[in-house]
Amino acid sequence: MKNMNLLALMVAGGLAFGGCNNETDLPNPAANLSMNSKVVSTDFIGNGAQWGGYEMASKWLNGQESLSEADWATLFKRIDFMRPPFLRIMFNSGGIAPADYSSAKTKSLFKMLEYAQSRNIEVVFGEWGYAHKGADLLDVDQEWVSNSVQFLDYLIEKKGFSCIKTTNIINEPNGDWSAARSRYDVWLKVQQQYIQAMKKFPALQAVQLTGPDIAVFKDAAAKDWIQRASNDIGKNIGMYDIHAYVGQQFVKSGQYGQMLHEFKEATPAGKKLVLTELGFKYISQEDVDLKNENIKAIENDKFAGDDSNMMVYKPFYGVDMADAIIQGMRQGVSGTLVWSMDDAMYNSPKGNDYNTPELKKWGFWNILGEEHCNDAKDEAIRPFFYPVSLLCRYFPAGSTIYTLDLGAKKGLRAVMAEKDGKYTIAMVNGHYATYELNLLNKKLGGQDMDVYRYQAKFDGSDTFDAPTDKDGFAVPTETNRHFQFNENTPFEIKGQSVVLLTNMK
C-alpha cells in the first residue's frame, strides 16, 4: 500500500478488522498509515470506568462513615489525570427510604456524584437488580419501584446531579445470576414500570434508560435483546449498552471487534452503543495458561476473592485492554467503561455470604490497601492505568472518531479522534514483532504532537517501559514532535506496546 494515492488508500481501508486472515507476521514490514474514508462515530461519549460501591468501607474502617479525606483526595487526583468523560455508578436505590438520604449509606455516593458533576462527566446511574413479591419474578414490588424512582428524582432535582443522563435498571439480565434470571419478559416489565413511575416527576422527563445491559463473552448471540428492546421500548432508551468479558486470544485475533460490529449493526440507527463494563475472563481453552495463573494468584492473596482478575498487576494487561478499547472505537462504539476503577469498591461474596473481606480485584489500584489489607503498596497505580488513562484523557466527549488503516499486520490496530481542530492517534501492537510504519495522511498535513509510548516487556519480567512522573502518571517520551503527515514519515512501534500521538491538551 506504500505508494497508493489517497483515494486508493481510502478505498483499500474499508471496515478492516484487526484479525484478518491475510495478516503478515514479518519482523519489520513497512506500512502506510492512512485514514479510513468512513467516520465511524460522531459526538463520542468517551471512555472511562465503572466507579461506585464502597458499601463495605464502614465495616472495614471500624465504623468510619466513608473513606478518609486523604484517600478521596488521592482518588480525585488520579481520576483528574485520567479525565474520563463517562462513568457508570450503581446503587441499591430501591432499598433506601427518604429518611436515609442523608445517612452514612449515601455519603460515598454523594462524594462521587459531586465529583462527576464538578468535572462535567456523564454518568449512567442505576440499580443492580429489583425486588419482587414471592416467587413470581413478574410480580414487581411497587414499593421498590417507588423508592428507586423517588431517590433518582432526589439526586437530580434536589441534589442537582444533572450529570446523570440515563438510568440503568437490572444488571446483566440475560445471565442466570441476575435478578431477571435470563428472562427478557421480566427485564421488560421492570423497565416499563420504571418508565411509568418516572412520569410523575418533572425532573426525570429528560432522563432515559440505558439498556439492555446484557453480558456477552465470545459471540453476538444475545443481540436479539437489543432488537427486542428497540421494538418494545425504543423511544425510552437513550443509549444501548452491553458488558463484555472476553479472553485474551479472542481480543488479539480481532474476533472481539467483529463481535462488536454485530452488536453495532443491531443497534437502531441514530442511537449509541456503549460498553458499560469491559474486562478479561480467561475461560476458554486457548487462555488456559492465564486461567491457571489467575487461579494460583488468587489462592496466594488472602484478600483476593474468586471474582478477581489478578492480571491487572501485569503490564501485558495494559496492552490487551487498550487493544479491546481501540477495537471498540473502530467499530463505532461510543464509549467503553473498564471494570473497574478500584478494588476497594466491592467485596467478592462466597455463596450467600455477602460480608466477606475478600475483594473483587479488577481495579487500577486498591485505595484501601493499607487500611483493609495491611499492604500500603497495593494502593499504587497498576500498569494498565497508563494506556487506559490516555485513552480516556485524549479521546474527549464530542470527538469524531475515524478508523485508521495500518495495513494487515498481525496485532496492529489504530484509531483517531478529532475535536476542535486537534487530533489524537492511538495505536496498539498486540503482537511481539516490531513494525516500521510510514505515516502518511494528507488530511492531517503537518502536526506538532506529543508522543506517549507504553511497552510491556515479554522477557518474563513484570515491568514495562513508559515514563511516569512522581505521581505515577504518564508523561510523553517526546513533546511537540513535528509530523509531516503528507509525506512518508518513518515511525516505529514495538511489540506488545501502545503508542499515542496527540496535540490535544
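Which backbone nitrogen does a side-chain oxygen of Asp141 reach at the start of H5? The close-ups below begin there. This is a predicted model, where local features need pLDDT of at least 70, side-chain atom pairs count only at pLDDT 80 or more, and totals for chains, interfaces and linings use all residues. Residues are numbered from 1 along each chain as its sequence is written, and side-chain values use heavy atoms, without hydrogens and water.

**View 1. The ends of helix H5.** At the start, the Asp141 oxygen comes to within 2.9 Å of the backbone nitrogen of Glu143. Just after H5, Gly160 has a positive phi of about 75°. Helices (H or I, at least four residues) and strands (E, at least two) are DSSP runs, numbered from the N terminus.

**View 2. The buried residues of H5.** Buried means under 20% relative accessible area (1.4 Å probe, protein chains only). Among the buried residues are Trp144, Val149, Phe151 and Tyr154. Their cover includes helix H4 (107–118), strand S4 (122–127), strand S5 (164–169) and helix H6 (184–198), where contact means heavy atoms within 4.5 Å.

**View 3. Trp51 in the largest nonpolar core.** A nonpolar core is a set of buried Ala, Val, Leu, Ile, Met, Phe, Trp, Tyr and Cys residues joined through side-chain atoms within 4.5 Å. The largest has 138 residues, and Trp51, Tyr54 and Tyr256 have the most contacts inside it. Not counting residues up to four places away in sequence, Trp51 touches residues including Trp72, Phe76, Met112 and Tyr346. Apart from this core lies another of 25 residues, among them Met427 and Phe485.

Notes: Buried means under 20% relative accessible area, exposed over 50%, partly exposed in between (1.4 Å probe, protein chains only). A polar contact is a pair of N or O atoms within 3.5 Å; within protein, one must be able to donate a hydrogen and the other to accept it, and residues adjacent in sequence count only if both atoms are side-chain atoms.
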